Amino acid sequence: MTAILVAHDGGAYLDRTLEALAEQTRPPDQTVIVDIGASSRVTEHPAGLLGVQHVAAPSSLSFGDAVKAAARVLAPASTDGEWLWLLAADNAPDPDALRAMLAAVEISPSVSVAGPKLMQWADPDYLYSFGESMTRFGTAVELAEPLLDQAQYDRESDVLGVSAAGMLVRHRVWTRLEGFDPALPAVDDALDFCVRARLAGHRVSLVPDARVLSAGRRSPGTAVLGPRTSRTRRSYLERAAQLHRRLVYSPPLALPLHWLSLVPLAILRALGQLLRKQPGSVLGEFGAAFAVAFGHAASVPAARKRLKRERTLGWTAIEALRLPWAEIRRRRALAREDATSARRAGRHEIRFLAGGGAAVVLVAALLGLALHVPLLGAAGVAAPGLLPLGGVGELWGSLGYAWRGLGDGFVGVADPFNWILALLGTVTFWSPSYSIVLLYVLALPLAAAGAWFAAARLTASAGLRGIAAAAWTLAPTLLVALDQGRLGAVVAHLLLPWLFFALSTARRSWVAAATASLLAAGVLAGAPSLWVPLLALWLLTTVALASAGRRGRGWHRLVGLPIPALALFLPLGVQHVLQGTPLGVLADPGVPLAATTEPNSVLTSLAFLVGLPGAGSTGWAKWGVLDPAAGEVLAVVLLLPLLALALASVVLPGAARAAAALAVAATGFATAVLAVRVAVGAAGEAAVTPWPGAALSLTWLGLVGAAVIGLSAGHRVLARTARVTLGGLAAVGIAAAVVPLVWAVATGAGGAVPGAPRTLPALVTAGAATDPTTGTLVLEAQSGSGISASVERGSGETLEQQSTLYSAAPPDAALGADLPSLAANLASRSGYDPVPVLEAQRIGYVLLAPGTRETRVVHDRTAAAMDANPLFAPVTSTEHGTLWRYAGLDAGMPAAAPSGPGGFDTALGGAILGMQLLVLLVTLLLALPTGGLADWWRPEREARRGSGLQAGRRSPAAVPVRTMPTLAFGGDHGE
């Protein structure tokens, strides 16, 4: 009886194992210690060990190769009664383990391989491994589950395989079968050996009375697979072992088919890994397939030869030892239940219907319907920041790197918001612009639903959830964005609470992490200025969690959050840098609107502090009761209770989460303050800055979240009456502050009104049906003495045609060298000859937009100059302005010059669009909550154990660990 102990930097594990060997009631006759340690060597051993030999071997050896090195120093076996006992550094046996195993094989001469009951090192009362099997397709399966040992598996005897840890094998059988397969250095080595032993006519048995410890993932392992091996490397080793065994076990005629299927199956399984929410295994799938297909050219024939040489039985002899499908399905069902329970642990129940969520959304829907009744029959919405949408084909065709017909025309990357527009327009594909109408009508209930679910992560109180939903629905930033037609800010406001909801569980679930990454991409597409605060919060949170040890478990799932957004923004950012407008990537998508906020005003800073997006955003001036400044002061005063309640939350129970919420609010406030000081374009004579309201939605999220946290946890120190009073005071203040905004929208006094789905007069639109290249020069008088100019082709501009590359570019670069001079000379009487420019640019019409009280002088002067110009004939005056027709249009315009991307641009556009689609598709696959959809192919053993040194399982008796808060300030529940 020879014990072979493989030691690889064993440390305390090795000391205890050596002591346990010396304490055996039936000690081994000799012991061979194979030292494959890289940092230290074994030089001492307990005095009770007999016939000890030390073998120093390279640290790169696998467990099987180390045992072979030990067997070479032993004398060849002369009888069938000579045994080898294989142990690793962490396999400390019970005192009677060897005696029990030898007694079991003594009464069963046909047994050549026996395995003990492996117990968890940290808790020896719990099972780690006790027998192995495989499915009909060769996937390895652990027979015993990691449960409390209550002798529930002691009736098991004959099995297909046992773990290498503690394996007792006849010396002669080990020699004849040539030990473990060298091509299986870490995973499934013992299972493969036992299968070959079975096919050679030997029995493999379990000995329940023999108990041996195993440290699982924390074991020293080997250089091939140890405690520091990454999850990707583990998945590679597991899949490579399975594929290698498949090629070795397959019939000769099926071998070419199996080999040809390796790479195609890797592609399918990679998609399946995404559906299983195991993205770390994708690289392992491809690596294993290529390694086995091209790197095992010699090992597969050698392994097949060894199998054939000793095989005396057919595969039907072991059929009964494979795991039946019924048992596999039962285990999968239990695993799904455990996973569901783990995900729900420590969370507040949602109770959307019973908890009042449906009622809150219904009230918000009625309010939204009442406010936007005039829009229901309209084909579109007219607002300062809105334009109609093109057809569905045009919406999807605007993505990627394509021709933009703005100004002189250019080839450029689409704004990421075009993806949102394409999705919106597809919902109402028969009339894409009507999707904006639906968004306006549904904005309030959608905001209420998102906020209610987000609040459910913070409190179990139905009342506080309702208050949070109402506060988010009536947020000034949302109402002002709707009023001004800032569609991107509206989308960002609607998605922010859902982003928080997903982030609160992102560390536990790949589904939540992938969903959060898609939501973050949507938020940033609508409000690019939020890149600064969200990126800062993500970076700080990820670093803090990564350095927090066990309290920060799951932080790796947060690493990929910015990837979809980066895929959408990176090509645009590169082109902005090449154009010389790097800050243009932060510009709001859609129609550029002039900045109206005074950045250096103290009142503006106070307004930002309570979530108001600046002067004129309160609606009081439209009532005619207060001027904008006085109305803003009143609104700030009304919102102070919310601010005070949010600040007070840091001195109440739950201060850590409240502080995280206030940090979110602070980043939003800082971003708003910086945004109004950064010019990213121009609208006529006025500068264009990122709208501060998008950042203030983040501030509002933090303030409302902190207030809810404080009121929810305040029951320990505050009476219910006090909490109701404070919450009611804040709610009343919010409602009073936004009453003018709500009134303005309801009475049509706001900026958003029903609008036709076109921006040019009907005459121009009709002419565009025959020649869509004809341009219309649109002139608009400015409040000073200037005039702005743009060229619209065909039936007019649409929202998806807008580009920050155009709006951020200097006027001479955006319009070209000729158009500014043309516009300036047409706006006043001069001797300028416009014909060459008109025909070169194919301009057939001039449209002068309606003037205002501030621009009346410039508008009238321009109209008079156009009326006096003999080259233009007045046509009509409509809601779009006054139209003149170029006389040369009757004689026919010159042929249009070729436009659009060339061959290189087309290839580059395809590459950019393909990259974006690939990233979004992979993320979408991860985000799909498939549940059991992919179970039909799921590997039955998530952590294979070959040499007893591989991945272990967590003890069911382990105490839940308190975790650190994530970026979402509600994620502090225990895992």
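Strand 1 (residues 2-7) and strand 4 pair in the parallel sense, with 5 bridges between them; strands are DSSP runs of E with at least two residues, helices are runs of H or I with at least four, and both are numbered from the N terminus, while pairing requires at least two DSSP bridges. The model is a predicted one, in which local features need pLDDT of at least 70 and side-chain atom pairs count only at pLDDT 80 or more, whereas totals for chains, interfaces and linings use all residues. Residues are numbered from 1 along each chain as its sequence is written, and side-chain values use heavy atoms, leaving out hydrogens and water.

Within strand 4, Leu87 is the bridge partner of Leu5. Strand 4 also runs antiparallel to strand 9 (residues 168-170), joined to it by 3 bridges, and Trp83 stands opposite Arg170. Of the 6 residues in strand 4 (residues 83-88), 6 are buried, that is, under 20% relative accessible area with a 1.4 Å probe and protein chains only. Trp83, Trp85 and Leu87 point one way, and Leu84, Leu86 and Ala88 the other.

Helix 22 (residues 602-609) and helix 24 (residues 628-648) pack at about 35°, their axes 9 Å apart; axes are lines fitted to C-alpha atoms over the stretch in contact, and angles run from 0 to 180 degrees between N-to-C directions.

How values were computed. Buried means under 20% relative accessible area, exposed over 50%, partly exposed in between (1.4 Å probe, protein chains only).
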